Amino acid sequence: MVNCCGLITANKDPVPLKSIEVELEVRDHVATVVSTLNYENKEDKPLEAVFVFPLPGDAAVCHFSAQIGQTQIVAEVKEKQKAREEYDDALSSGQQAFLLEESEQSPDIFSLSVGSLPPGESASIRLDYVTELAVQADDGLRFCLPAVLNPRYQPLGSGGSGGVQVTSVPASLVPYSLSFSARVSSPRPISKVESSCSLDPLQYLNSEQTQATIKLAAGHKFDRDVELLIYYKDAHQPTAVVEAGQASAELGSLMGDPVVMVSLYPEFPQSVMSSVASCGEFVFLLDRSGSMDCPINNSKQQETRISSARDTLLLLLKSLPMGCYFNIYSFGSSYEHIFPKSVEYSQQTMEEALKKVGEMGANLGGTEILSPLQHIYSQSCIPSQPRQLFVFTDGEVGNTKQVLDLVKKNSGSHRCFSFGIGEGSSSALINGLAKEGGGHAQFITGTDRMQPKVMQSLRFALQPAVVDISVTWDLPKGVSVTVLSPPITALFQGQRSLIYAQLTGQSPKAAEGCVTVKYSLAGHPSQNQLRFSLKPAEDTGSTVHRLGARTLIRSLEMEERERRGQPDGGLKEKVVQLSVQSGVSSSFTAFIAVNKADGEAIQGPLVRRNIPIAWMGVPPINLCSFSTQNAMACGAPKMAFGVLRGLDLCGGAPTTVIPKQPPRDPLLQLVSLQQASGCWLLDPALSAALGKTSEEVDKSKPAPVNSDVWATVLALIWLHGFKKDAKEEWELLAMKAASWLRSQNAPCLTECVEAGNALLGCSMQKDVLGL
C-alpha cells in the first residue's frame, strides 16, 4: 500500500472526488436524503470518473443535478437504453455528461458516471433520494448511510463480468471528507437519537421536542457505516400523513392527486404473546463464504462473523420446542445440509447438529444463495409444522432480484427471517428477503451482538400467526382510493407496516377518512382503526408521493420478471411511464444530464479514474476501471460486480482449517450443557460452569430432590442471578426449562430454590424462575 497523501489510483494518478456532504430530513417513519459529491479534475486531460455506491434497498432516487462552474444541469429520467445512448453521444461530441443508473442485479447499487470533466474544472453532483426507515426490535427507527460496498458475488453464467479488480485504501488514507447532519420531526416527541458514530448533542428546536437536529462530531473518518437510531414516544400509535398533489401535474394522475401514507405498528395482547408455539419446521441457512471470516465489528477483532453465527446457532437449537422439526443448511460456492431433510427435534438430532455446527468455517468460497434456497423450497412441507426460514449472510450477493423473486414465489408456504451481518451488507437483500417472505429483518453492525437480535426474531417465529388480514377504507362521497402498496401478508409484534394510497376526487372541507385493519390472532378477531383528516399537511414536499410511486414500481418490476418470456401486458412501459412521471428511479430508467451550453468541444483522449472507498478488513468493490467502449458494451451497472468464486475476501485462499476458538463465554458454556427437553444433568461440567466443585453442588442438594431437577433449578438461578443483562438471549430456553420442571411435579421445589440461592449467593424467588 502506497503511503502518500491525496486521492490516487493504482497508477498514482489523482482522482477527483474531494468531499461528500449529506443532509438527512426525517419525517416520522420516512426520510429524504440529499447527498452532494464535490469533484475536481487536477489532471492535464479531460477525465471520466465512475463512482459505484450503495443506497438503502428501499430507496428511491428522485433528483440528480450537476453544478459545473456557474452552470447548473438538472437531470431528466429517461428509458435506460436511450439515456445510455445520449450519454455516449455527448461524450463522443466532447460535451460534459452525467449518467446515474440502478444496477440490473440489485436495487441498492447505483453507478454514477461523470463524463468529460475538463482539466482544472470542478463539479458538484447532487443526488436526492427518499426511503422508509426500518423499525428495530427496540422500537428505534434505523437510518444507515453505507460507507462500504462489499464485493457482490456474481454466480457464473449470470451475465456479470469477471474482469473487475477489487481495490481499496486504508480508511486513514481516504482523502475526501464527509459532513453529515440530520433534522428530525414527528407528531410525537423525539425521546433520543443514538449512533455507532460520535455525534454532537441532540438539539431540540421546540418545547414539545417534536423537532430536533443532530450531526456527526468533528473529525469523523468515513471508515464505517453511519447509522442513526431514532426513538419516539408512543411509538405504537398509528399515524396518517396526507400529502397534496403537485400543482403542475394532471389531476387524476399519481403525482397530481393527494397521497396518504398510513403507518400501522400494532401491539398485541401480552397474554397472547407470552404463549409459544410447540410446533414448526425451522430451517437455518448460514453463509460460509470467505468474507464470513472477517471481524463482525471494529472493536472486537477476535470475534468473526462465522464464530458469532456458530454461537447463535447454539442458542437457537437449545431454544427450539420439543415436537418441532429442523435442519441446517450452509452455503458458499456450493451448499451443504446436516440432514437430507428436516428431522424431528430430539436430544440425538440436536447433538448431531451441534457437532456439525462446531466444525463449520468460512471455507465454502463465494456466495451463491439461490441454489440452497431452491433446494429448500423443493422439499415438501411437513403437515401442521409451519416452515420458518432463518437466513444469515453478510449480504454480498449479486443476483438479488432473482433471489427475491424466488422467495416471493414461495411466500405462501413459509416465513423468512433475515440477518445482515457486518458493515456493507445489502439492505436490498436483507430487507427484501423478510418483506417477500412475510418475516422480519435485522442488521448486526457496529458493536451489536448477533444473539439478542436473532432470538428476538425466533420469538416472532414462535408467535401465533396473524391470519385473515384485511384493509378497508371509509371515505366521503366523491372520494375514491387506489391502494399503491401490495396487500399486507404478515403482522408481528414489533413490525411496522406502511400503506400508500392515492386519493382521487374532491372532498368537503374538514372531511375525514377512516382506514380499518382487521385480522385474527390465536382465534381472536381484532382490528386497528385510524381516523385522519383529508386536508393535506402544508409544506410536506413530495416524499410520500415518491415513496408511493417507488412501492408501485417495485411491484410492477417483480411482476414483469415473473412473466419474462411471456406477454407482459406492457408492464415495462408502465414502469417507465410511472418512473418518468414521478421522477423516481427504476431498473428500466436512468438519470441523464448533458451540458449543451455553447463552447468549444473538449479536446484530448478521455481517461477513466477509480474512486476508492475505505478498506475495513473486507475490501470494498473497486470503482470501475474500464474503457467507455467496454462500459457501453457490457452495461455500466454490471461492471460493479466481480466474479469472486472461491475467494477468501479477508486474505488468502479458502481453507478447511477451523479457526482457533477463544475461551468460551460462561453463558454459552452453561447453555451448551442443556438437554433438548429443557433440563440440565447433574455432572462435573455443570458444576464447573456454575463456578463450583462437584462436591459443593452434591452436598447442597436437598435429599428428596431428583438430581436433574436440582441441576435445572441451579441453572435457572444462575441465569437469572448472573446473566440478567443477556435475558433476551436465554429467555426462551429458560422458559423451556421451567416448563420441564413443572411437568416433573417435583416435591420440595421451594426448598430446592432456597438451597440453590444459598449455594450460588443469589436471592431468586420461585415465580421469577417461572415456577
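Visitor: Over which ring does the charged end of Lys 192 sit?
Guide: This model is predicted. The criterion requires NZ of Lys to be within 6 Å of the ring centre and within 35 degrees of the ring normal. The charged end of Lys 192 lies 4.7 Å from the centre of the ring in question, which belongs to Tyr 231.

Visitor: How far is the charged end of Arg 142 from the centre of the ring of Phe 443?
Guide: Here the charge is carried by Arg 142, and its charged end sits over the ring of Phe 443. The distance to the ring centre is 4.4 Å.

Visitor: How many aromatic pairs are found in the whole structure?
Guide: The search covers the whole structure.

Visitor: Is the pair of Phe 390 and Phe 419 stacked or edge-to-face?
Guide: The ring centres of Phe 390 and Phe 419 are 6.1 Å apart, with 15° between the planes. Planes under 30 degrees apart place a pair in the class called stacked. The pair of Phe 390 and Phe 419 is therefore stacked.

Visitor: How many residues apart in sequence are the parts that this pair ties together?
Guide: Phe 390 belongs to strand β24 (residues 387–393), whereas Phe 419 belongs to strand β25 (residues 414–421). Phe 390 is buried at 0% relative accessibility, and Phe 419 is buried with a relative accessible area of 0%. The pair therefore ties together parts whose separation in sequence is 29 residues.

Visitor: Is Phe 722 buried or partly exposed?
Guide: Trp 718 and Phe 722 form a tilted aromatic pair, 6.1 Å centre to centre with 40° between the planes. Trp 718 counts as buried at 8% relative accessibility. Phe 722 has a relative accessible area of 41%, so Phe 722 is partly exposed.

Terms used
Residues numbered from 1 in each chain as written. Predicted model: local features only at pLDDT ≥ 70, side-chain atom pairs only at ≥ 80, totals over all residues. Heavy atoms only, no water. Phe/Tyr/Trp six-rings, centres within 6.5 Å; stacked < 30°, edge-to-face > 60°. Helix = DSSP H or I, 4+ residues; strand = E, 2+ residues; numbered from the N terminus. Buried < 20%, exposed > 50% of the residue type's maximum accessible area, 1.4 Å probe, protein only.
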